[in-house]
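Subject: Structure handover

Dear colleague,

Here is the structure I said I would pass on. My notes follow below it.

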Number of protein chains: 2
Amino acid sequence: MNVAIVGASGAVGQEFIRVLEEQNFPVDQLTLFGSKRSAGRVYKFRGQDHVVKELKHGDDFKDIDIAFTSAGASVSKEFAETITKHGALMIDNSSAFRMDDDVPLVVPEVNGEDAFNTPRRIIANPNCTTIQMVVALKPINDISPIRRVHVATYQAASGAGAAAMDELVAQYGQLQRGEEPTVEKFAYQLAYNVIPHVDVFMDNGYTKEEMKMYNETKKIMHAPGLDVSATCVRVPVMRAHSEAVWVQTEAPVSVEQAREAFASAEGLVVLDSPADKVYPMPLDIADKDPVFVGRLRKDITDPCGLSFWVVGDQIKKGAALNAVQIAQYILEHKR
Amino acid sequence: MNVAIVGASGAVGQEFIRVLEEQNFPVDQLTLFGSKRSAGRVYKFRGQDHVVKELKHGDDFKDIDIAFTSAGASVSKEFAETITKHGALMIDNSSAFRMDDDVPLVVPEVNGEDAFNTPRRIIANPNCTTIQMVVALKPINDISPIRRVHVATYQAASGAGAAAMDELVAQYGQLQRGEEPTVEKFAYQLAYNVIPHVDVFMDNGYTKEEMKMYNETKKIMHAPGLDVSATCVRVPVMRAHSEAVWVQTEAPVSVEQAREAFASAEGLVVLDSPADKVYPMPLDIADKDPVFVGRLRKDITDPCGLSFWVVGDQIKKGAALNAVQIAQYILEHKR
């Protein structure tokens with residue numbers, strides 16, 4: 001396969017390079033694209049130097065089979081035609097096309113089959129917070145349909161990109177030296193703080209990030225009646241998002257049933273032995289492939305309720321890895 | 001009033017000294033008590049030096065009117081008789097007596113009247129996470145009874161004491177110098193991490209901290225049918241806890257009704273103008289007296305649901321200030 005990465009210099013772009021290597025993805029040729037500013041930068045893939053080319057309109061995608069794009073929604077919208085016009089499949093990490101009816105939104109463990117329905121040659125990669133949550137919702141939903149989800153997130157700096165991660169580290173140094181911390185990438189100082197504000201606010205009082213969890217979950221799970229109320233919060237963690245989740249199912253699901261379903265679910269690892277202080281934490285889960293679940297227990301307010309804690313690496317399963325897994329799913333299940 | 005502080009050297013003990021000054025509490029004489037280890041330490045109150053006396057069994061509380069105790073549950077249990085036997089009122093910040101039927105559990109804005117029902121001369125100060133939540137639940141519950149609460153907490157290091165706060169700061173320095181961070185006060189490294197584990201685990205999979213929110217909320221609000229499912233999480237913040245809350249009421253409560261009720265509620269400040277990036281954050285709220293609420297919106301999964309975000313200083317309203325306010329309530333409403 002001839003593979004392209006668009007937005008190669010970003011946090012997710014860099015992760016694409018690593019994931020393609022780690023997953024031993026069948027890459028014949030890798031082409032890196034970036035903005036004018038990052039054009040000319042050199043990155044290694046399988047020991048070989050690859051120079052970032054400037055993303056331009058033209059025929060640069062003529063021989064590309066799959067393009068992984070992660071350069072923001074506006075770039076994806078502007079270049080979708082350029083990327084796909086010769087037949088390349090665009091697997092897009094931005095929010096540009098996620099809710100379009102003719103673009104599937106795919107998490108392979110949940111709705112891999114949808115990846116074959118691509119009239120526009122575009123597949124959307126869901127939002128990071130949604131990806132890790134639906135991997136955990138799926139096995140429960142298979143036992144009894146989920147009606148309602150409440151979720152509070154603990155989102156890492158990585159969700160705002162590499163520069164945001166640097167800013168967080170810098171803030172601790174600045175505070176230690178008695179300097180005023182630099183605040184550019186987040187609305188406020190993130191060091192020693194939590195910020196209940198990820199993405200922009202909508203008219204209904206929710207943020208766009210929170211409404212992504214509402215809308216994308218319905219689409220991925222083919223469950224228009226499954227409602228999600230999210231509170232998304234940025235926390236001073238480098239990478240890996242955590243989520244406190246409550247689900248209400250149609251019929252009661254026992255903790256034992258849920259634990260068994262989690263344990264046999266694809267892409268999910270159960271870390272749940274509270275007596276031994278075993279539960280997932282972002283510091284441990286950073287850079288790991290699967291989604292981790294723990295703190296499983298009954299929702300004591302609701303006989304049809306369960307509560308659990310989900311942690312996943314935002315840049316891996318929450319972005320680059322899920323996109324590569326979509327491509328792998330297509331190759332393995334080719335029809 | 002002759003006032004005693006037991007556990008004077010701790011984070012909450014120190015805050016008691018400050019709060020008594022700030023609140024201009026009518027102190028005629030202040031006596032500080034502590035462990036053998038902290039006996040002899042000197043702290044200033046209203047410009048005067050006060051030496052910490054060792055807490056012992058005997059008659060040291062003979063002339064004390066009010067004793068604020070914050071030296072852990074076992075000390076409170078061991079010394080309750082010594083403290084109260086001559087008639088002193090013990091306002092206890094530990095969990096020792098909170099669920100005892102003959103000990104009221106009081107948040108003045110919610111159930112101040114209960115402070116007069118003290119057959120044992122003991123009043124319990126609720127857990128920090130519960131205090132700030134019930135201040136926000138009360139005005140909603142007055143409109144329509146709350147049936148169900150889901151709450152995810154973002155708890156500061158201060159909840160584990162002054163040494164825990166020092167450990168968190170030290171960890172950032174150690175990490176910056178490439179050293180292994182010291183981990184003593186929390187189960188794991190808290191810097192750049194979140195830990196879904198506050199207090200010990202119970203058989204039902206909840207932690208004791210989470211079950212405090214369940215049990216104490218029922219008692220304070222006189223609402224045995226009000227159920228709370230909490231996920232309590234330690235975050236790398238110095239002081240002030242944050243909580244993502246969802247409530248389900250018997251009848252629908254509109255956002256406008258809730259906002260009005262919050263705005264006129266005692267002890268509560270509404271900071272809720274998302275378009276202007278106005279919402280409460282722990283970094284801003286540290287050291288402030290009231291409880292702050294923001295991010296108010298409908299729970300989009302439930303016509304009878306509301307969601308909001310509550311932040312309060314754990315050491316102030318969550319501990320010392322609430323205890324002093326209990327004493328103030330008694331003095332002001334003396335019968």
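A crossing is called left-handed if the near helix is turned anticlockwise from the far one by less than a right angle, and right-handed if clockwise. By that rule, helices α4(A) and α7(A) cross in the right-handed sense.

This is a predicted model: local features need pLDDT of at least 70, side-chain atom pairs count only at pLDDT 80 or more, and totals for chains, interfaces and linings use all residues. Residues are numbered from 1 along each chain as its sequence is written, chains are lettered from A and ligands numbered from 1 in the order in which they are written, and side-chain values use heavy atoms, with hydrogens and water left out.

Helices (H or I, at least four residues) and strands (E, at least two) are DSSP runs, numbered from the N terminus.

The helix pair: the axes of α4 (residues 128-143) and α7 (residues 255-263) of chain A come within 9 Å and cross at roughly 125°. Axes are lines fitted to C-alpha atoms, for helices over the stretch in contact, and angles run from 0 to 180 degrees between N-to-C directions. The two helices are therefore oblique to each other (under 35 degrees is roughly parallel, over 145 roughly antiparallel, 65 to 115 roughly perpendicular, the rest oblique).

The strands: β9(A) pairs (at least two DSSP bridges) with β11 (residues 241-249) of chain A, antiparallel, over eight bridges; there A:Tyr154 has A:Ser242 as its bridge partner. With β10 (residues 227-231) of chain A, β9(A) pairs in the parallel sense through five bridges, and A:Arg148 stands opposite A:Asp227.

Regards
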